[in-house]
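Please read the report below alongside the sequence and the model. It covers the overall fold, the surface, and then two local features.

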Amino acid sequence: ADVLRSEGRFLEATVERLLVYGLARSLVPADRATVAEVVAALEPDHPTLEDALLAIVSSDAFLRIPKR
């Protein structure tokens, strides 16, 4: 029941973990805005993993990953 009540935080934490993986680094305070933008881009009643991934790969943070 607690998980259901904290669904928003679960979604935010999932986006954070996906962003860490996608950026291949730990998040920094400036990434809070990206997390918020990705969460806001998701359909409130039916967020999907696909939509979260698409929002992440189209984010400025992801598009500005330095080339190695």
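## Fold and burial

The protein has five helices and zero strands, where helices (H or I, at least four residues) and strands (E, at least two) are DSSP runs, numbered from the N terminus. Along the sequence the pattern reads α-α-α-α-α. The model is predicted, so local features need pLDDT of at least 70 and side-chain atom pairs count only at pLDDT 80 or more, while totals for chains, interfaces and linings use all residues. Residues are numbered from 1 along each chain as its sequence is written, and side-chain values use heavy atoms, with hydrogens and water left out.

Totals for the protein are tabulated here.

| Quantity | Value |
|---|---|
| Buried share of the 68 residues | 21% |
| Share of contacts with a separation of 6 or more that join residues 24 or more positions apart | 46% |

Buried means under 20% relative accessible area, exposed over 50%, and partly exposed in between (1.4 Å probe, protein chains only). A contact means heavy atoms within 4.5 Å.

In helix 4 (residues 49-57), the buried residues are Ala-52, Ala-55 and Ile-56. Seen down the axis of helix 4, these fall within an arc of 100°, so they line one face of the helix.

Asp-60 belongs to helix 5 (residues 60-63). Asp-60 is exposed, at a relative accessible area of 54%. Between Asp-60 and Thr-34 the C-alpha to C-alpha distance is 8.0 Å, with 26 residues separating them in sequence.

Methods
Arc of directions from axis to C-beta.
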